[in-house]
Amino acid sequence: MYIGIDIGGMSIKAGVVNQKGEVIAKYAVPTPKNDNEAFLEALYESVTKAMTEAKITASDIEAIGIGNPGIVDREKGI
């Protein structure tokens, strides 16, 4: 199983996908603003709720992918 996370300005979405690319479960929460602790809690909640819905544990996960908006500087590698 794989976990996909989309961090957006309005919501944090997490999904569990199987080896065939089929979405098994998904969960979304609003993205907290200006509060790092609340952001981490929301990220954790979205992932754990999706995992619970999919009836999987951490040992079932092969990989995690995260999409996050931001500026990319290819010359500096950041």
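## Terms and basis of the model

A residue is called buried when its relative accessible area is under 20%, exposed when that area is over 50%, and partly exposed in between, using a 1.4 Å probe and protein chains only. By this definition, strand β2 is mostly covered, since five of its seven residues are buried. Helices (H or I, at least four residues) and strands (E, at least two) are DSSP runs, numbered from the N terminus.

The structure is a predicted model, in which local features need pLDDT of at least 70 and side-chain atom pairs count only at pLDDT 80 or more, while totals for chains, interfaces and linings use all residues. Residues are numbered from 1 along each chain as its sequence is written, and side-chain values use heavy atoms, with hydrogens and water left out.

## Overall architecture

Along the principal axes, the C-alpha atoms fill a box of roughly 40 × 30 × 20 Å.

Of the 78 residues, 27% count as buried. The accessible surface (Shrake-Rupley method, 1.4 Å probe; for residues, only the protein chains shown count as cover) comes to about 5,700 Å², and 56% of this surface belongs to carbon and sulfur atoms. Contact means heavy atoms within 4.5 Å. Among contacts between residues at least 6 apart in sequence, 41% join residues at least 24 apart.

## The sheet

Strands of a sheet pair through backbone hydrogen bonds, either parallel or antiparallel. Two strands are counted as a pair if DSSP finds at least two bridges between them. Here, four strands form an open sheet in the order β3-β2-β1-β4, with mixed pairing. Its edge strands are β3 and β4, each of which pairs on one side only. On average, neighbouring strands of this sheet are turned by 15° against each other, direction ignored. For such angles, axes are lines fitted to C-alpha atoms (for helices over the stretch in contact), and the angles run from 0 to 180 degrees between N-to-C directions.

β1 and β2 run antiparallel and are joined by six bridges; they form a hairpin with three residues between them. Glycine 4 has a bridge partner in β2, glycine 15, and another in β4, glycine 65. β1 and β4 (residues 63-67) run parallel, with five bridges. β2 and β3 run antiparallel and share seven bridges. In this pair, isoleucine 12 has valine 29 of β3 as its bridge partner, and valine 17 stands opposite valine 23. β2 and β3 also form a hairpin, with five residues between them; glycine 21 in the turn has a positive phi of about 85°.

## Covered faces and the nonpolar core

In a regular strand the side chains alternate between the two faces of the sheet. Strand β1 (residues 2-7) has a covered face made of Ile3, Ile5 and Ile7, and an uncovered face made of Tyr2, Gly4 and Asp6. The helix α1 lies across β1, β2 and β3, running at about 155° to β3.

A nonpolar core is a set of buried Ala, Val, Leu, Ile, Met, Phe, Trp, Tyr and Cys residues joined through side-chain atoms within 4.5 Å. The largest such core has 15 residues, and those with the most contacts inside it are Ile3, Ile5, Ile12, Val16, Val47 and Ile56. β1, β2, β3 and α1 each supply at least two residues of this core, and α1 gives the most, with six. Leaving aside neighbours within four places in sequence, isoleucine 56 is in contact with Met1, Ile3, Val16, Met51 and Ile61.

## Two individual residues

Serine 11 lies in strand β2 (residues 11-17) and counts as buried because its relative accessibility is 15%. The side chain of serine 11 makes a polar contact with the side chain of lysine 13 (2.9 Å). A polar contact is a pair of N or O atoms within 3.5 Å; within protein, one must be able to donate a hydrogen and the other to accept it, and residues adjacent in sequence count only if both atoms are side-chain atoms. Beyond its neighbours within four places in sequence, serine 11 is in contact with Asp6, Val29, Pro30 and Thr31.

Proline 32 is located in the loop between β3 (23-30) and α1 (36-54). With a relative accessible area of 23%, proline 32 is partly exposed. Not counting residues up to four places away in sequence, proline 32 touches Ile12, Ala38, Phe39 and Ala42.
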